[in-house]
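Please keep the sequence and the model in view while reading.

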Amino acid sequence: MKLQVDVAGILCVVIDDNDSNLDITTNHLHDIGINVVRLNSVKEMIEVATILRPDVILVAVHMLEQEGYQSNQFLRDSILNLSTRIIA
């Protein structure tokens with residue numbers, strides 16, 4: 001049985017310091033109707049998350065500035081009361 005989930009209109013923030021990865025991820029998410037905000041730095045995310053309140057945040061695991069797992073913890077510690085799912 002195939003599970004069908006309606007994701008149209010969801011807001012996703014994608015964080016990666018590699019523009020090619022951002023392009024690929026953004027294109028795939030747009031194809032299924034997800035709205036995407038692209039960022040190259042985790043530090044930009046704090047302001048964006050508090051203003052936009054995204055449904056999900058995707059963080060690259062390997063970045064020059066900070067590893068994805070460290071970024072995940074940084075985001076969780078910096079943005080209080082955020083119920084957004086963060087995937088690293």
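## Terms and basis

Helices (H or I, at least four residues) and strands (E, at least two) are DSSP runs, numbered from the N terminus. Two strands pair if DSSP finds at least two bridges between them.

The model is predicted: local features need pLDDT of at least 70, side-chain atom pairs count only at pLDDT 80 or more, and totals for chains, interfaces and linings use all residues. Residues are numbered from 1 along each chain as its sequence is written, and side-chain values use heavy atoms, with hydrogens and water left out.

## The sheet

Four strands form an open sheet in the order β2-β1-β3-β4, and their pairing is parallel. At its edges are β2 (35-39) and β4 (85-87), each of which pairs on one side only. On average, neighbouring strands of this sheet are turned by 20° against each other, direction ignored; axes are lines fitted to C-alpha atoms, for helices over the stretch in contact, and angles run from 0 to 180 degrees between N-to-C directions.

Five bridges join β1 (residues 11-15) and β2 in the parallel sense. V13 stands opposite V37 in β2.

Helix α1 (residues 19-31) lies across β1, β2 and β3 (56-59) and runs at about 170° to β2; contact means heavy atoms within 4.5 Å.

A salt bridge is a side-chain nitrogen of Lys or Arg within 4 Å of a carboxyl oxygen of Asp or Glu. By this rule the count is one salt bridge. The side chains of D23 and R38 meet in a salt bridge (2.7 Å, N to O). Because D23 lies in helix α1 and R38 in strand β2, the pair ties together parts that are 15 residues apart in sequence.
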